[in-house]
Each structure stands twice: as C-alpha cells, then as structure tokens.
Amino acid sequence: MNPHPGHRLACATLTYLAEPADPLLGRLLSVLTPAAVLASIRSAAIPARVTAGLDQAQVTGVRRSLARWRAQLPAISPDGGLAAADRDGIRLLCPGDPGWPPGLDDLGTARPYALWVRGTTDLAACCEKSLSVVGARAASAYGTHVATELAASLASRGWVIVSGAAYGVDAAAHHGALAGDGRTIAVLACGPDVPYPREHRGLLADIAARGAVVSEYPPGRRPSRLSFLARNRVIASVATGTVVVEAAERSGTMATARRASDLGRPLMAVPGPVTSATSAGCHALIREQRAVLVTSAADVLMHIASAMP
C-alpha cells in the first residue's frame, strides 16, 4: 500500500483525466508516483527525469498534454469522486493495493492507473484461478450454448470466469458461471455504475453480488469505440488464460486473443463450422498455432495444467 496521503486521490483523478494506456501518462508513472504526476499537472512543472532523452518537439508535446489535463481538473470533484463512488458501493483499487490483480502489471506502462470496483470480492484472489471466456457479440446459437456450458463447467470446478458483459458470448459466459454456482468478473468499457448494454442491468447486479464488476473508467463514463479496444487488454491480462468461443477474423475478440498470446497466457479456441464467419477467427488462431483447440472444460483444464510452470 502506498503510504503517500495523496496517492488514492491522485490515482482516482488520473482515471478522469487521461484515456487508458496513454503513452505519456504511462511514461510519467514509470518515473513518478501518481501524486507527483498530479502535482506536475497542477503546476505545469516537468521534472527533468521525465524529459531526459526527449527532443524539443517531444518536450513541447509533453507540455501540451499537461496543459490539456490541467484544463480538465476544475470539472473533477476535489476528492476524485471517491466519496460519491463509496456511496454507490464502488471502491477504488490502486496498483500495489491488497487485491490488485498482479497480471495487470504485465502490461507495463499500459497498466491501468487504478480500477473502480463494484463488489466486495478479493479481486487478486479471484484472478489467481480465473479464465477469460470471450467471443462474438453476434454469437450463433452454437456459440452461446458452448460458452454457457463451458463457463458453467469451469465455474463448478472453482474457476472464476472473466468476460466483458457484452451481448453474445460474453453474456453467455457470465450466465453460465452464475448457473454453475460460481463467481464471475465483468470488465467494462464504461464506468462501473453504467449498465451497458442497458438490458444487462440485472446481469451486472448479479455479477457484482457474486464476483465483481470492474473498470478503469470512472463512475458515470459512457463507453466509446476506443474504450472497448482498451478494456480488451485488461480482460487478457487479469486471467490465467483465455478461451475464444467464437470470433470473426477482424474483431475485438481477436485483439483480446492476440494480447493474451503476446502476454504469454495460455490461449485456447473452440472450433466451429467451416462455413461460419463467427468461427473464422478461432480457426485462424488454431491454424497460426497461437491457440490450442479445445472442446470442453476438461480440454481447457488439461491445457492450463500443461502450460503452467
């Protein structure tokens, strides 16, 4: 736990100011504490160790970014929104806190500045034995069935299911985990209090009660196209491994899969009909030997066991 009294306030404030995985903010946080970064934003003073090795054009870019963030500060609550979040049952989890999923640290400078969490579960403990189950929003009946059965079977064996709470495979995975009397984690591309899609308000409430709804976006933030791409790296990094149930060749699910592979996480894919566009991504991952073909929870657990040191 960081002892600096402004640490939590700084982490909270940074989630409002910058988009996730902002390269400059990642660089700043690699050499400064969050409180020192916020102080630099407020004062427009750039420590020399931040600009070391940068040319004049790059230093000018740093100054512009700091000015942009400083201009946003008046719109943010002086307490970083922490009191309002607490009233809504949302807590802030900072890097280094007990409960911080260590897999996030593998993202390096693209690590979340903090996580906003609905649910009282110990996130780090959940992620120790977790699997991301992801796939197409426009899932086929086959994909929905496989995701539900796979997640239920894994959850009944004590595995926590991680997904993105979207339509299709994501929702089926969460439902399956709950039906298997297990726990599940939803990683959102919007604030943890924003029901998106709206039809999943009840599902998200059930997930929070039995696991956690998490986001690197602050309460109230609406989703955007880029926010879905950003959250995929979180889904890939927090879990022990990733299972792709259905995916088009060009899709956000494939981005999640490739990030999991790049992070060295065990990657698995479920085959489908050769005529199905929603299985073409799975087949590509298997063909490229990025993913291992799996058809059941037993297959998944066998591969996880063989891939673990």
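## Inside the sheet

Strands S3 and S4 run parallel and are joined by three bridges; two strands count as paired if DSSP finds at least two bridges between them. Helices (H or I, at least four residues) and strands (E, at least two) are DSSP runs, numbered from the N terminus.

Strand S4 spans residues 160-163, and both of its faces are covered. Val160 and Val162 are buried on one side, Ile161 and Ser163 on the other. Buried here means under 20% relative accessible area, exposed means over 50%, and partly exposed lies in between (1.4 Å probe, protein chains only). In a regular strand, side chains alternate between the two faces of the sheet.

## About the model

Please keep in mind that this is a predicted model: local features need pLDDT of at least 70, side-chain atom pairs count only at pLDDT 80 or more, and totals for chains, interfaces and linings use all residues. Residues are numbered from 1 along each chain as its sequence is written, and side-chain values use heavy atoms, with hydrogens and water left out.

## The whole sheet and its helices

The open sheet has nine strands in the order S1-S2-S6-S5-S4-S3-S7-S8-S9, with mixed pairing. Strands S1 (90-93) and S9 (292-293) are at the edges with a single partner strand each, so one side of each has no neighbour in the sheet. Strand S2 (residues 115-118) and strand S6 (residues 212-215) are antiparallel and joined by three bridges; here arginine 118 sits opposite valine 213 in S6.

Helix H12 (residues 252-262) packs on the sheet, touching strands S3 (130-135), S7 (241-246) and S8 (267-269). Its direction makes about 155° with that of S7. Helix H13 (residues 280-287) also packs on the sheet, where it touches S7, S8 and S9, and its direction makes about 135° with that of S7. Contact means heavy atoms within 4.5 Å; axes are lines fitted to C-alpha atoms, for helices over the stretch in contact, and angles run from 0 to 180 degrees between N-to-C directions.

## Nonpolar cores

A nonpolar core is a set of buried Ala, Val, Leu, Ile, Met, Phe, Trp, Tyr and Cys residues joined through side-chain atoms within 4.5 Å. The largest one has 31 residues, and Leu123, Ile185 and Val244 have the most contacts inside it. Apart from it lies another core of 22 residues, including Val133, Val169, Val245 and Ala297.

Leaving aside residues up to four places away in sequence, isoleucine 185 touches several residues, among them Leu123, Cys126, Val160, Val162 and Ile207.

In helix H3 (residues 34-43), the buried residues are Pro34, Ala35, Val37, Leu38, Ser40 and Ile41. They pack against helices H1 (7-17), H2 (23-31) and H5 (56-72). Just after H3, alanine 44 has a positive phi of about 65°.

Asparagine 232 belongs to helix H11 (residues 225-238) and counts as buried because its relative accessibility is 9%. Its side chain makes a polar contact of 3.4 Å with that of threonine 256. A polar contact is a pair of N or O atoms within 3.5 Å; within protein, one must be able to donate a hydrogen and the other to accept it, and residues adjacent in sequence count only if both atoms are side-chain atoms.

## Cysteines

How many disulfides does the structure hold? There are zero, a disulfide being a pair of cysteine sulfur atoms within 2.5 Å. For cysteine 94, the closest cysteine sulfur is that of cysteine 11, at 3.7 Å, which is too far for a bond. Cysteine 126 has its closest cysteine sulfur in cysteine 127, 6.6 Å away and also too far.
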